[in-house]
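Please consult the sequence and the structure alongside the text.

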Amino acid sequence: MAQQQAVQSVSQIVTIDRQRLFSDTAYGQRVLATVEVERARLAQETREAEADLAKEEKQLTEQRSSLDPTSFRVLADAFDQKVNELRAEGQQREQEFVRVLEREQSAFFERIGPILGRLVREVGAVVIIDRRAILLATQNIDITDAAIRRIDQELGDGVASPAPPSDAPSEDETPEKPSETPDSTTSGDASDN
């Protein structure tokens, strides 16, 4: 609360560290841990496949003197093809990890738009700027820690059903138009990352 009051009295512009917002929340940590577990599993499979290829290469080298050049060339080409396929598969898997992470980050930033919108209104700000876009600020206008706490409170790890927000507007409150809320600006801006 003290941080929120300090921010409210200082500026109508607040900043967020978008990277920390993802990596330091329970939601982001779950996503990153899931991706890392899968990456480690596939890396182990790759190491095992490479060990098998090393054995095969050794056998091929030993057979070289007993094979005619044409037969050896056929076996060597087949071996080279296996090596190239393993490399291509590894690159494809890595690209898939990147796509999954980007998809999860995009979903995260869409889900936190309303949460950030409520937080911005609470501190009396009108705009959130990514902290990396600020060269110099005379006061602390960063609300990343408060946002992380609020996101953890409302979304948890993103899998379990979150509790309804404690600051949700009552039924008699008139909602603002979507185009005028910080929510729509924030969530639209978030997909750029």
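Lys82 and Glu56 form a salt bridge, with their closest N and O atoms 3.0 Å apart; the term denotes a side-chain nitrogen of Lys or Arg within 4 Å of a carboxyl oxygen of Asp or Glu. This pair links distant parts of the chain, 26 residues apart, since Lys82 belongs to helix H4 (residues 69-123) and Glu56 to helix H3 (residues 26-63). The model is a predicted one, in which local features need pLDDT of at least 70 and side-chain atom pairs count only at pLDDT 80 or more, whereas totals for chains, interfaces and linings use all residues. Residues are numbered from 1 along each chain as its sequence is written, and side-chain values use heavy atoms, with hydrogens and water left out.

**Salt bridges between helices**

- Helices are DSSP runs of H or I with at least four residues, numbered from the N terminus.
- Lys82 is partly exposed, at a relative accessible area of 39%, and Glu56 is also partly exposed, at 25%; buried means under 20% relative accessible area, exposed over 50%, and partly exposed in between, with a 1.4 Å probe and protein chains only.
- A salt bridge also joins Arg150 to Glu122, where the closest N and O atoms are 2.8 Å apart.
- Because Arg150 lies in helix H5 (residues 144-155) and Glu122 in helix H4, this pair ties together parts that are 28 residues apart in sequence.
- Arg150 counts as buried at 10% relative accessibility, while Glu122 counts as partly exposed at 29%.

- Asp77 and Arg73 meet through their side chains in a salt bridge of 3.0 Å, N to O.
- Both residues lie in helix H4, four residues apart, which is about one turn of the helix.
- Asp77 is partly exposed with a relative accessible area of 39%, and Arg73 is partly exposed at 42%.

**Salt bridges across the structure**

- A search of the whole structure finds 17 salt bridges.
- A network of salt bridges links Glu38, Arg41, Glu45, Glu89 and Arg93.
- Side chains of opposite charge can pair when their charged atoms come close.

**The surroundings of Phe22**

- Phe22 is part of helix H2 (residues 18-23) and counts as buried, at 1% relative accessibility.
- Leaving aside residues up to four places away in sequence, Phe22 touches several residues, among them Tyr27, Leu32, Leu101, Glu104, Phe108 and Phe109; contact means heavy atoms within 4.5 Å.
- Phe22 and Glu104 are 82 residues apart in sequence, and their C-alpha atoms are 9.9 Å apart in space.

Terms used. Helix = DSSP H or I, 4+ residues; strand = E, 2+ residues; numbered from the N terminus.
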